[in-house]
Amino acid sequence: MTTKRHITLKDGTVLPAIGQGTWNMGDDSSRRQEEIDALKYGVELGMTVIDTAEMYGEGRSELLVGEAIQGMRDQVFLVSKVYPHNAGGDSLIRSCENSLNRLGTDVLDLYLLHWRGRIPLEETIKGMEKLVQEGKIRRWGVSNLDTKDMQEMMKLPNSDHCATNQVLYHLGSRGIEVDLLPWQKEQGMPIMAYSPLAQAGSLRSELTTDATVQQIAEQHGVHPFQVLLAWCIRDGNVLAIPKASSRSHVESNAQAAELVLSEAEIAQLDQAFPAPDHKVPLDII
């Protein structure tokens with residue numbers, strides 16, 4: 001099985017619309033092998049984007065990912081993120097090198113600023129461009145930046161090299177549809193959606209118990225989580241990175257990339273969980 005839905009980065013790189021997140025993975029040593037097997041299985045099923053961060057378990061997630069991708073690094077689009085307080089000068093270089101060491105690789109496919117901190121965006125971009133020139137990263141992007149932050153950033157030198165902005169997005173959190181999502185679409189910059197399943201429904205428990213979601217799932221013979229994922233990637237401008245630490249969950253996520261919702265079904269979901277009609281603060285967890 002391979003995923004069929006894709007997104008395209010500004011540089012023409014084509015990626016599957018569903019990848020793999022790793023937040024909290026590597027924290028429980030008793031589940032280590034199960035989590036490694038899940039990541040490997042996800043790559044086999046076509047979910048070749050793996051997202052991690054130096055923040056996740058203070059490097060434990062990166063170590064786990066590094067072990068999982070041994071022997072298959074060339075099949076993986078590898079993403080990591082830098083703490084805001086490390087996102088400038090020598091600290092940025094050191095953070096990147098430390099991530100590379102933990103991941104057991106010599107280059108990241110994508111390196112993101114995890115969220116905006118006190119270090120000026122111009123300094124971060126300068127450092128990211130240096131990392132590209134040194135061959136330590138192939139491209140860079142940001143995370144948790146709202147529209148005003150993105151517009152401010154795009155006035156800076158080399159800001160057009162920003163590949164993506166990774167933000168929280170799921171059926172129960174649709175604020176980015178007011179301005180950020182359409183603005184990024186105009187820029188040719190896909191969204192990376194973290195927690196597309198609302199952390200297995202814990203952020204909005206009614207997502208999986210909602211009658212509309214359940215009815216659509218039953219009509220397609222799938223799980224409600226698969227409906228949520230299919231909804232998230234419905235327009236070709238979003239790459240979702242759900243976490244799955246077991247083979248069964250991995251397979252469920254991969255199958256969601258095959259599910260295409262009808263216009264009527266999307267309209268039903270819009271009615272059940274409407275997007276806001278005005279600007280709201282960016283959801284961050």
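**Aromatic rings in a predicted model**

Let's start with Y169: at 0% relative accessibility, this residue counts as buried. Buried means under 20% relative accessible area, exposed over 50%, and partly exposed in between, with a 1.4 Å probe and protein chains only.

A word on the source. This is a predicted model, where local features need pLDDT of at least 70, side-chain atom pairs count only at pLDDT 80 or more, and totals for chains, interfaces and linings use all residues. Residues are numbered from 1 along each chain as its sequence is written, and side-chain values use heavy atoms, leaving out hydrogens and water.

Now the pairs. How many aromatic pairs does a search of the whole structure find? Three. Rings of Phe, Tyr and Trp (its six-membered ring) pair if their centres lie within 6.5 Å; planes under 30 degrees apart are stacked, over 60 edge-to-face, the rest tilted.

Take W23 and Y56. Their ring centres are 6.1 Å apart and their planes sit at 20°, so this pair is stacked. W23 is partly exposed, at 28% relative accessible area. Y56 is buried, at 7%.

Back to Y169. Its partner is W231: the ring centres are 5.3 Å apart and the planes are at 40°, so the pair is tilted. W231 is also buried, at 0% relative accessibility.

Last, charges. A charge sits over a ring if NZ of Lys or CZ of Arg is within 6 Å of the ring centre and within 35 degrees of the ring normal. R234 lies over the face of W231, 3.9 Å from the ring centre. R247 lies over the face of Y41, at 3.8 Å from the ring centre.
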